[in-house]
Amino acid sequence: LSSLADEQAREKLAALREKSLAGADFAALARENSEDVGSANSGGDLGFSAGDAFPAEFEEALAGLEPGGISEPIQTDSGWHLVKLLEVRVQ
(Lines give C-alpha, C1' and ligand atoms only; values in the text may rest on other atoms or scores of the structure.)
Protein backbone atom coordinates (compact mmCIF):
# COMPACT_ATOMS: atom_id res chain seq x y z
CA LEU A 1 0.00 0.00 0.00
CA SER A 2 1.29 3.38 -0.89
CA SER A 3 -0.04 5.56 1.89
CA LEU A 4 -1.87 5.86 5.16
CA ALA A 5 -4.95 6.96 3.21
CA ASP A 6 -4.80 3.74 1.16
CA GLU A 7 -4.51 1.66 4.34
CA GLN A 8 -7.45 3.47 5.92
CA ALA A 9 -9.57 2.99 2.80
CA ARG A 10 -8.71 -0.71 2.63
CA GLU A 11 -9.53 -1.18 6.32
CA LYS A 12 -12.85 0.67 5.98
CA LEU A 13 -13.84 -1.47 3.01
CA ALA A 14 -12.77 -4.66 4.78
CA ALA A 15 -15.03 -3.72 7.71
CA LEU A 16 -17.93 -2.95 5.36
CA ARG A 17 -17.38 -6.28 3.60
CA GLU A 18 -17.57 -8.10 6.93
CA LYS A 19 -20.81 -6.26 7.80
CA SER A 20 -22.31 -7.26 4.48
CA LEU A 21 -21.19 -10.88 4.82
CA ALA A 22 -22.79 -10.89 8.28
CA GLY A 23 -26.13 -9.89 6.78
CA ALA A 24 -26.10 -6.10 6.40
CA ASP A 25 -27.61 -4.88 3.15
CA PHE A 26 -24.80 -4.22 0.64
CA ALA A 27 -26.82 -1.61 -1.26
CA ALA A 28 -27.60 0.32 1.93
CA LEU A 29 -23.93 0.24 2.92
CA ALA A 30 -23.00 1.52 -0.54
CA ARG A 31 -25.55 4.35 -0.34
CA GLU A 32 -24.19 5.38 3.07
CA ASN A 33 -20.45 4.97 2.37
CA SER A 34 -19.69 5.17 -1.34
CA GLU A 35 -17.81 8.18 -2.65
CA ASP A 36 -18.84 7.35 -6.23
CA VAL A 37 -21.41 9.96 -7.16
CA GLY A 38 -22.40 7.89 -10.19
CA SER A 39 -23.46 4.78 -8.30
CA ALA A 40 -23.93 5.63 -4.61
CA ASN A 41 -27.61 6.52 -4.93
CA SER A 42 -28.31 3.24 -6.73
CA GLY A 43 -26.71 1.23 -3.94
CA GLY A 44 -23.50 0.77 -5.90
CA ASP A 45 -25.21 -0.94 -8.85
CA LEU A 46 -23.08 -0.43 -11.96
CA GLY A 47 -25.02 -2.66 -14.32
CA PHE A 48 -23.55 -5.43 -16.43
CA SER A 49 -20.10 -5.87 -17.93
CA ALA A 50 -19.02 -8.00 -20.86
CA GLY A 51 -15.63 -8.24 -19.19
CA ASP A 52 -14.27 -4.93 -20.40
CA ALA A 53 -16.47 -2.20 -18.91
CA PHE A 54 -14.39 -1.65 -15.79
CA PRO A 55 -10.68 -1.44 -14.91
CA ALA A 56 -8.77 -4.72 -15.16
CA GLU A 57 -8.50 -5.16 -11.36
CA PHE A 58 -12.27 -4.68 -11.05
CA GLU A 59 -13.00 -7.17 -13.86
CA GLU A 60 -10.62 -9.71 -12.28
CA ALA A 61 -12.49 -9.39 -8.98
CA LEU A 62 -15.82 -9.89 -10.77
CA ALA A 63 -14.52 -12.94 -12.61
CA GLY A 64 -13.51 -14.56 -9.33
CA LEU A 65 -16.94 -14.24 -7.73
CA GLU A 66 -20.04 -16.38 -7.71
CA PRO A 67 -23.41 -14.56 -7.63
CA GLY A 68 -23.85 -13.02 -4.19
CA GLY A 69 -20.09 -13.00 -3.56
CA ILE A 70 -18.24 -9.91 -2.35
CA SER A 71 -14.60 -9.26 -3.19
CA GLU A 72 -11.85 -8.27 -0.85
CA PRO A 73 -11.05 -4.54 -1.15
CA ILE A 74 -9.42 -3.83 -4.51
CA GLN A 75 -7.58 -0.75 -5.73
CA THR A 76 -7.83 0.71 -9.23
CA ASP A 77 -6.73 4.02 -10.70
CA SER A 78 -10.10 5.43 -9.62
CA GLY A 79 -9.77 4.41 -5.97
CA TRP A 80 -10.75 1.56 -3.67
CA HIS A 81 -13.73 -0.71 -4.27
CA LEU A 82 -15.76 -3.62 -2.98
CA VAL A 83 -17.31 -5.65 -5.76
CA LYS A 84 -20.47 -7.67 -5.27
CA LEU A 85 -21.60 -9.87 -8.13
CA LEU A 86 -25.39 -9.80 -8.23
CA GLU A 87 -26.04 -12.01 -11.24
CA VAL A 88 -24.52 -13.47 -14.37
CA ARG A 89 -26.31 -13.02 -17.66
CA VAL A 90 -25.33 -15.43 -20.44
CA GLN A 91 -25.86 -14.15 -23.96
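1. A quick definition before we start: helix axes here are lines fitted to C-alpha atoms over the stretch in contact, and the angles between N-to-C directions run from 0 to 180 degrees. Please keep in mind, too, that this is a predicted model.

2. With that in hand, have a look at helix 1 (residues 4–21) and helix 2 (residues 26–33), which pack with their axes 9 Å apart and at an angle of about 150°. Since angles over 145 degrees count as roughly antiparallel, helix 1 is therefore roughly antiparallel to helix 2. Their crossing is right-handed.

3. Who makes that contact? Helix 1 contributes Lys12, Leu16, Lys19 and Ser20, while helix 2 brings Phe26, Leu29 and Asn33.

4. Next, the largest nonpolar core: its eight residues are Phe54, Phe58, Ala61, Leu62, Leu65, Ile74, Val83 and Leu85. Helix 3 (residues 56–63) supplies three of them, the largest share. Another core, of seven residues, lies apart from this one and includes Leu16, Phe26, Ile70 and Trp80.

5. Leu62 deserves a look of its own. This residue sits in helix 3 and counts as buried because its relative accessibility is 16%, the cut-off being under 20%. Beyond its neighbours within four places in sequence, Leu62 is in contact with Ser49, Phe54, Val83 and Leu85. The C-alpha atoms of Leu62 and Lys84 are 7.5 Å from each other, although 22 residues separate the two along the chain.

6. Finally, Leu65: leaving aside neighbours within four places in sequence, its contacts are Ile70, Ser71, Val83 and Leu85.

Note on methods. Residues numbered from 1 in each chain as written. Predicted model: local features only at pLDDT ≥ 70, side-chain atom pairs only at ≥ 80, totals over all residues. Heavy atoms only, no water. Core = buried A, V, L, I, M, F, W, Y, C linked by side-chain atoms within 4.5 Å. Buried < 20%, exposed > 50% of the residue type's maximum accessible area, 1.4 Å probe, protein only. Helix = DSSP H or I, 4+ residues; strand = E, 2+ residues; numbered from the N terminus. Contact = heavy atoms within 4.5 Å. Parallel < 35°, antiparallel > 145°, perpendicular 65-115°, else oblique. Left-handed = near helix turned anticlockwise from the far one by under 90°.
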